[in-house]
Amino acid sequence: MSNKGSAATPGRNVVVVGTQWGDEGKGKLVDWLTETAQGVVRFQGGHNAGHTLVINGVKTALHLIPSGIMRAGVKCYIGNGVVLSVSKLFEEIAGLEKAGVEVRSRLRVSEACPLILPFHAAVDIAREAAKVKAGTEKIGTTGRGIGPAYEDKIARRALRVQDLKYPERFATKLRELLDLHNHVLTTYLHSADMAWDDKIAPYMKDGAIQFEPVYTEAMAQAEHLKPMIADVSRELNEAHQAGTNLLFEGAQGTLLDIDHGTYPFVTSSNCVAGNAAAGAGVGPQLLHYVLGITKAYCTRVGGGPFPTELDWEKEGTPGWHMATVGAEKGVTTGRSRRCGWFDAALLKRSAQVNGLSGLCITKLDVLDGLTELQLCTGYELDGERIDILPMGADEIARCKPIYETMPGWTDSSVGVTRFEELPANARHYLKRIEETTGVPIHVVSTSPDRDHTILLQHPFQG
């Protein structure tokens, strides 16, 4: 029997994903969209991600906690798809609390999150060092243990947040993991010969991670984390039915996805929109709109192919202009980002695997002052013309971009909030992006500031 009129109207849910190699400016857009949402969810990755928010001229960097934490009254959820460093979580909480942001009553952490522990970071660092020693190309990881933590998850041996509630169980599993990872560290990666920084050294003796400091720290952290541990899947489904609008916040970018990115130069999780369902515990029918964030040009941190890359270190070149005007440094690592022209063929791949509803173009203002722009519409690969990014790094590395030349603009677009007030050539550039990618542009960002945003269609208003 139905009971019409008594139930709340279910909320509307939006997924925000990066469409390039990460660093597209997702943080600002998540923060801006949170005006219309009451909950924000992280569903994959770890503290290898980073969002920079600029609010009233003040920069705040977030790595684990969803960007919605900067909005009073908004609940934030860390879903089961995230690998969690409890140490880094509490570092971030302390920084936010120092800035006057109330966190603990609004943050919910899935009990199913796999934990990142010191031995994960040690293995990560040692592997990259071994590649350098062998003369092979590094993957370009952040050295924070993300990949090894996901490996433990997939191998069904991970310690999870819920294990922190049971000290004896935690101790038994920890000893088993240390036996495995210390064997790899000492015998295969020769960790005893390495110089370790002060983040890893306190846990280590003769190249092996010690049980006691890891266990003692974890148990101390558990007491502070317990009030925030939750059945996130249940809470999200209940919030949706009660009428809450939810925003699912992706980390990294589509081309770093473990399945659909430039493999093997990728991250260790699925960054695509579909993983919002698996990584948070909601059904795919609850993902109502997918917003793809893309820069008005392209950047990439770390190794791997990049078809439209420019010489971004040579002063006076377009690449140098992008790198300097765009302040292209990684939020999490501080590494310089490689810069290049906008790649529509790449975006076609992202649109396909994410099911994009609309685009948000960020950093349009960085292109101010360039007299000529190049827009990649496809590639030549082994003598054939193709119009979509191929799968895998080897094929992508052989792609030669096919460019379409467009006039730039000298008038400033910084802070513009109405589409018709943009320079004419900037409007033509955006229209051409729509035409070549097949995805409508619904939002344009014209500076890092929250309010400098052009809205053409609101993702929360279907």
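Reply: Helices here are DSSP runs of H or I with at least four residues and strands are runs of E with at least two, all numbered from the N terminus. The model is predicted, so local features need pLDDT of at least 70 and side-chain atom pairs pLDDT 80 or more, while totals for chains, interfaces and linings use all residues. Residues are numbered from 1 along each chain as its sequence is written, and side-chain values use heavy atoms, leaving out hydrogens and water.

Let's settle on helix α7, residues 232-241. Val 232, Glu 235, Leu 236, Ala 239 and His 240 are buried there (under 20% relative accessible area with a 1.4 Å probe, protein chains only). Down the axis of α7, these residues fall within an arc of 135 degrees, so they line one face; the arc is taken from the directions from the helix axis to the C-beta atoms.

That buried set packs against β1 (13-18), β2 (39-42), β5 (75-78), β6 (107-110), β9 (229-230) and β10 (246-249), contact being heavy atoms within 4.5 Å. These strands belong to an open sheet of 10 strands with mixed pairing, ordered β9-β6-β5-β2-β10-β1-β11-β15-β19-β20. Its edge strands, β9 and β20 (453-455), each pair on one side only; pairing takes at least two DSSP bridges. Inside the sheet, β1 and β10 run parallel over 4 bridges, and Val 14 stands opposite Leu 247 in β10.

As for how α7 ends, Gly 243 just after it has a positive phi of about 100 degrees.

Notes. Buried means under 20% relative accessible area, exposed over 50%, partly exposed in between (1.4 Å probe, protein chains only).
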